[in-house]
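Subject: Structure handover

Hello,

Here is the structure I promised to pass on. Please open it and keep it beside this message while you read.

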Amino acid sequence: MIISHIILKNWKNFRKIEVDLKQRTFIVGPNASGKSNFLDAFRFLRDIAIPGGGLQKAISDRGGVSKMRCLAARQTPEIVIGISLSEYGSKETIWKYEISIKQESRGRRQSYLNYEKVWRGDKLILNRPEDEDKSDKERLSQTYLEQINANREFRDIAKYLEKALYLHIVPQLLKYPVAFAGADLPGDPFGKGFLERLANTPEKTRNIWLKKIDTALRIAVPQLKELHYEDENGKPHLEAIYEHWRPDAGKQREEQFSDGTLRMIGLLWALQEGDGLLLLEEPELSLNAAIISKLPALIYKIQKQKKRQVIMTSHSADLLRDRGVSLHEVLVLSPNKEGTKVEAAANIKEVRAMLDGGMTPGDAILPQTAPQNMEQLLLNI
Amino acid sequence: MMISLPIKLVYEDDLSEAVMKKLLNAFPKKYLISASYNKHGFTAIKRDLKGYNHAARFTPFFVLTDLDQNECPPSLIREWMIFDKQPQLIFRVAVREVESWVMADRYGFAKFAAVAIKHIPDKPDDIHDSKAALFEVIKKSKIKELKEDILPHYPGDRIGPNYNGSLCGFVIQSWNVQRAIQKSPSLKRAFDHLQNFQKQGKK
């Protein structure tokens with residue numbers, strides 16, 4: 001399954017948007033336009049659906065409704081997130097799920113559901129508040145999505161959302177987890193527990209996935225060979241042979257790997273791990289342009305085998321220089337007074353015209369996301 | 001022992017790169033590729049050609065571009081090369097696109113696409129739109145994956161999501177230069193040029 005459509009109202013940067021999503025979707029836009037907040041809408045739904053999660057936890061992990069609400073919001077302060085689900089490669093909607101969240105304006109400032117709706121195809125099968133909700137308002141502090149007793153008819157949606165994976169590897173966190181104390185974040189978004197994830201993967205599977213990564217790394221980082229997993233007194237490590245100009249090649253561990261190598265390993269691992277929605281934050285970081293330009297095709301090849309949706313943010317023209325990237329797959333975010341607008345690049349006439357004239361998607365789209373007064377930067381500092 | 005010539009490649013896309021590498025490999029040990037410049041289209045090649053020509057005073061450069069809708073290779077060269085060409089600059093034009101060169105190995109491409117050889121154009125250099133001709137061949141293929149990879153998915157797309165990956169795979173693994181030069185005169189000229197390049201043992 002994939003999320004084929006999303007509606008956001010008053011969610012962070014977005015006052016009111018509605019847009020189609022493809023199997024592979026690229027989100028581009030200026031800094032602080034809401035790319036990560038767009039991805040966070042999917043993570044929010046996942047946080048509701050995962051065991052041990054739920055609506056209240058998902059809200060409090062984000063600092064409360066007031067931190068989630070759009071600053072441009074006026075008359076309608078409730079937040080709405082709605083998604084449509086389709087089979088991979090099909091346009092037909094099989095499920096729709098939509099929630100609206102409000103916060104009490106006084107008293108405990110409790111967050112509760114304004115409504116929760118589920119459609120199977122076109123048929124509305126859940127429409128809260130129901131009579132019982134009206135007589136017992138506490139019930140509206142939880143979604144049916146998070147309750148096994150209540151979501152039986154649409155558990156497919158919960159199971160699907162639960163599998164969503166978000167990854168934004170911060171190499172320093174992976175190299176020096178001990179130096180970054182504090183509670184681990186749900187879902188390990190920044191790769192701090194990446195090595196534990198490796199350790200918890202069955203050996204056979206782990207070896208198959210690492211072998212694939214090793215094959216890719218030998219091409220991208222030719223000095224690095226024989227990437228493998230090592231367990232040293234119960235502590236998981238990644239190890240590889242690093243060839244240098246001296247005849248005796250040395251062993252290297254994760255803390256000696258380059259940032260680009262680690263991010264590449266993380267990316268290739270995440271693509272293979274699981275088959276749910278994969279959310280990637282700037283997969284191009286720390287990588288050479290020649291590698292970046294191959295990522296869209298690489299992602300396409302791996303996701304196709306698993307029928308898996310990948311949604312990623314990017315600032316990279318190199319990533320979008322592949323003419324195999326369709327303008328229908330690129331969503332352009334543009335902030336304005338009324339909140340950030342979202343538009344498929346295919347709907348922007350001048351971008352289409354530039355491609356007709358022989359330009360690549362990256363060269364046509366990315367300059368549209370650059371700040372307009374950059375010449376002032378050097379003048380004023 | 002023969003010392004390989006270090007050479008740098010300049011090209012429009014991944015498929016051109018794969019073809020150039022295969023061409024150079026046809027002369028074992030003669031060339032050693034030391035850098036690759038993917039220019040993502042002809043505009044940047046045209047813009048930067050003067051720079052590569054300058055640099056060709058010190059090391060050989062092999063530049064490949066598509067003729068596309070220009071009249072003929074000599075007119076394109078006249079228009080682009082508004083300076084004295086360095087002897088170490090190898091500038092070749094694929095007629096009309098590198099896809100024609102790829103299909104020029106008719107036997108190999110028919111096998112790759114799993115179609116009868118009669119469906120592969122017999123005179124690839126005479127095709128007006130090489131990509132469109134290639135799509136026509138792939139549309140006849142019974143291999144679902146090939147269609148998904150190569151044919152455009154959405155309206156307005158020029159190519160499919162793994163167009164380059166899939167066709168590069170063919171070029172690297174199966175494309176036969178000897179068969180291809182018999183069908184494409186522009187490829188044959190490029191091949192001959194690479195064969196004769198610095199043959200007199202000039203250092």
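Below is what was found in it, taken topic by topic. Please keep in mind that this is a predicted model.

**The sheet in chain A**

Start with the open sheet made of three strands. Its order is β9-β10-β11 (chain A), and the pairing is antiparallel. Which strands stand at the edges? They are β9 (224-232) and β11 (250-253) of chain A. Each has a single partner strand, so one side of each is left without a neighbour in the sheet. On average, neighbouring strands here are turned by 30 degrees against each other, direction ignored.

Look next at strand β10 (residues 235-242) of chain A. Its antiparallel pairing with β11(A) runs over four bridges. One pair to find: A:Ile241 has A:Lys251, in β11(A), as its bridge partner.

Helix α8 (residues 203-220) of chain A lies across β9 and β10 of chain A. Its direction is at about 150 degrees to β9(A).

The loop between β9 and β10 of chain A holds A:Asn233. That residue is not a glycine, yet A:Asn233 has a positive phi of about 50 degrees.

**The sheet in chain B**

Chain B has an open sheet of four strands. The order is β2-β1-β3-β4 (chain B), and here the pairing is parallel. The edges belong to β2 (31-38) and β4 (89-94) of chain B. Each of these has a single partner strand, so one side of each lacks a neighbour in the sheet. Neighbouring strands are turned by 20 degrees against each other on average, again with direction ignored.

Strand β1 (residues 5-11) of chain B pairs with strand β3 (residues 61-66) of chain B in the parallel sense, over three bridges. B:Leu9 has its bridge partner in β3(B), namely B:Phe62.

Which helix lies across β1, β2, β3 and β4 of chain B? That is helix α2 (residues 42-55) of chain B, running at about 160 degrees to β3(B). Helix α3 (residues 73-80) of chain B also packs on the sheet, where it touches β3 and β4 of chain B. The direction of α3 makes about 135 degrees with that of β4(B).

**Where the chains meet**

How many residues does the contact take from each chain? It takes 19 residues from chain A and 16 residues from chain B. The area buried between chain A and chain B is about 1,500 Å². Carbon and sulfur atoms give 49% of that area. Three residues stand out on one side: A:Tyr300, A:Lys304 and A:Arg323 supply 34% of the area that chain A buries against chain B, more than any other three residues.

Side chains of opposite charge can pair when their charged atoms come close. Four salt bridges are found across the interface of chain A and chain B. One of them joins A:Lys294 to B:Asp14, with the closest N and O atoms 3.3 Å apart. There are also nine residue pairs in polar contact between chain A and chain B, counted with both residues at pLDDT 80 or more.

α11 (295-306) and α12 (349-356) of chain A each supply at least two residues of the side that touches chain B. The largest share, four residues, comes from α11(A). By class, this side of chain A has four nonpolar, five polar and 10 charged residues.

**Salt bridges overall**

Over all chains, the count comes to 39 salt bridges. One of them is between the side chains of A:Glu116 and A:Arg128, at 2.8 Å from N to O. A:Glu116 lies in strand β6 (residues 111-120) of chain A and A:Arg128 in strand β7 of chain A, so the pair ties together parts that are 12 residues apart in sequence.

**Two cis peptide bonds to look at**

A:Arg128 also comes up here. The peptide bond from A:Arg128 to A:Pro129 is cis, with omega near 0 degrees. A:Pro129 is in the loop between β7 (123-128) and α4 (131-135) of chain A.

In chain B, the peptide bond from B:Val95 to B:Arg96 is cis, with omega near -20 degrees. B:Arg96 sits in the loop between β4 and α4 (98-103) of chain B.

Over to you.

Methods. Residues numbered from 1 in each chain as written. Chains lettered and ligands numbered in written order. Predicted model: local features only at pLDDT ≥ 70, side-chain atom pairs only at ≥ 80, totals over all residues. Heavy atoms only, no water. Pairing = 2+ DSSP bridges. Axes fitted to C-alpha atoms, helices over the stretch in contact; angles between N-to-C directions. Contact = heavy atoms within 4.5 Å. Buried area = accessible area lost by both parts, 1.4 Å probe. Polar contact = N/O pair within 3.5 Å; in protein donor to acceptor, adjacent residues only side chain to side chain. Nonpolar A, V, L, I, M, F, W, Y, C, P; charged D, E, K, R; others polar.
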